[in-house]
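I opened this entry to keep track of what I looked up. The notes are in the order I took them.

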Amino acid sequence: MSYVDEVIARVIKENPSEPEFHQAVVEVLQSLRPVIAENEEAFRKDALLERLVNPERQIKFRVPWIDDKGQAHINTGYRVQFNSAIGPYKGGIRLHPSVNLGIIKFLGFEQIFKNSLTGLPIGGGKGGSDFDPKGKSDREIMAFCQSFMTELCKYIGADTDVPAGDIGTGAREIGYMFGQYKRIRNLFEGVLTGKGLVYGGSLARTEATGYGLLYITEEMLKCNGIDISGKTAVVSGSGNVAIYAIEKAQQLGVKVLTASDSNGWVYDKDGIDVEALKEIKEVNRARLTEYKKYRPDSEYHEGKGVWSIKADIALPCATQNELDLEDAKMLCANGAIAVAEGANMPTTADATDYLMEQGVLFIPGKAANAGGVATSALEMSQNSERLSWSFEKVDKKLQNIMIDLFHNIDDAAKKYGFEKNYVVGANIAGFEKVVTAMNAQGIV
């Protein structure tokens, strides 16, 4: 049995109830076979892959809080500090009922390579809780966030672990968490990113993941002789990533036809009204059923169906495993030329394989959505300097990071004989940097 197969079997055996983590490990290690084969004896001797797939530290804790009626609740909090070989742990905090240790480990493992690909000195980590912010008052959310940070603050710091936002964790939640950290630790430092602009946040951070997704998609198409302007796109999601992906796509001349939330999706043949979407989701915190009030000619459908709409480009920006094999077949039948992942692992493994077999240009989330964490790292730099950069400066740095990132994964894919396979290219490019750092630091 090869070293890769041994490690995959061990991960599945030792983590039996964590299918998302298995999926992430299998996808990465399978694509790293050519690199590992060249160094198998040395990697095995140093147990390098075992160290890579085992978090340096994983923390699980209870989060007690009291609702507006005086009822006490208990949620579970997590922080998985996966790999610090190239810098302090960096990764978001996800607040969603689906959160469990396996999902946090999958996200943290992916974060290692995503953060490496940015070219910035940040390691991989992830955290969260099964708390659901939907339907909660501001006071209830503050109570939860303060309780969550009361425990988490023992394990994080500006040079140790710098969490950020994620699903369910926006500027409001980050603000409550930062206030509690400062209160307990008596430190005003860049311990969280995604902060408000008046207390250390960065301009362009809100837009960064969505904008970065379009910058790298534009570069991928350009390098394959395709102009993004004039194309159509289908987008899933209506959160931070989706909204700003739609906004930047429109700025680049793309007509975006869809958006979705957990209840249903909208189709607007004239192009999604991004200002209406912002008001519905960011101001009113409402459901997409409201969209028709702004655009009477649009269509609202319950359930899922975004991928049934004919378009040139698909941008899954909602959640993991939302685009399956049947969806991939629909996209190909409708003539899609590119899929770029705005969410973390939103395309199932068989769907990814099918899309690439059909010649669809496919760029994985660890590369395509790295703009968010890259700009978080830029926020860390500004905090360290006690400076605030202009929107234009941050946006230009983001654009350059995403363009360089694409060429790094393109070069890695070509180097190992996998031209246009950007999944393999992303994993190899991210892996090589992390492994170099791990080897330099000894068996730790």
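This is a predicted model: local features need pLDDT of at least 70, side-chain atom pairs count only at pLDDT 80 or more; totals for chains, interfaces and linings use all residues.

**The α17 and α18 pair**

I began with how α17 and α18 are placed. The axes of α17 (residues 391–415) and α18 (residues 422–440) come within 7 Å and cross at roughly 100 degrees. I noted the pair as roughly perpendicular, because angles of 65 to 115 degrees count as such.

I then listed the residues in the contact. On the α17 side I found F406, N408, I409, D410, A412, A413 and K415. They meet Y422, G425, A426, I428, A429 and E432 of α18. By type, the residues of this contact divide into 8 nonpolar, 2 polar and 3 charged.

**α18 itself**

I checked the length of α18 next. Its 19 residues reach 27 Å from the first C-alpha to the last, close to the 27 Å expected at 1.5 Å a residue. I counted 14 of the 19 residues as buried, so α18 is largely enclosed by the rest of the structure.

Which residue caps the N-terminal end of α18? I found N421 there, with a side-chain oxygen 3.3 Å from the backbone nitrogen of V423. After the helix comes G442, and I noted its positive phi, near 85 degrees.

**α16**

I repeated the length check on α16 (residues 371–385). Its 15 residues should span 21 Å at 1.5 Å a residue, and the end C-alpha atoms are 21 Å apart, which agrees.

α16 is mostly covered, with 12 of its 15 residues buried. Among them I wrote down G371, G372, V373, L378, E379 and M380.

What do the buried residues of α16 pack against? I recorded β3 (89–95), α6 (101–117), β5 (161–164), α9 (205–223) and α17. R386 follows α16, and its phi is positive, near 55 degrees.

**Q180**

I looked up Q180, which lies in α8 (residues 171–185).

Leaving out residues up to four places away in sequence, Q180 touches Q146, M149 and T150. With T150 I also found a side-chain polar contact of 3.0 Å.

**I12**

My last item was I12, in α1 (residues 3–14). I12 counts as partly exposed, at 39% relative accessibility. I also took the separation of I12 and G359, which are 347 residues apart along the chain. Their C-alpha atoms are separated by 31 Å.

How values were computed
Residues are numbered from 1 along each chain as its sequence is written. Side-chain values use heavy atoms; hydrogens and water are left out. Axes are lines fitted to C-alpha atoms, for helices over the stretch in contact, and angles run from 0 to 180 degrees between N-to-C directions. Helices (H or I, at least four residues) and strands (E, at least two) are DSSP runs, numbered from the N terminus. Angles under 35 degrees count as roughly parallel, over 145 as roughly antiparallel, 65 to 115 as roughly perpendicular and the rest as oblique. Contact means heavy atoms within 4.5 Å. Ala, Val, Leu, Ile, Met, Phe, Trp, Tyr, Cys and Pro count as nonpolar, Asp, Glu, Lys and Arg as charged, and the others, Gly among them, as polar. The expected span of a helix is 1.5 Å times one less than its number of residues. Buried means under 20% relative accessible area, exposed over 50%, partly exposed in between (1.4 Å probe, protein chains only). A polar contact is a pair of N or O atoms within 3.5 Å; within protein, one must be able to donate a hydrogen and the other to accept it, and residues adjacent in sequence count only if both atoms are side-chain atoms.
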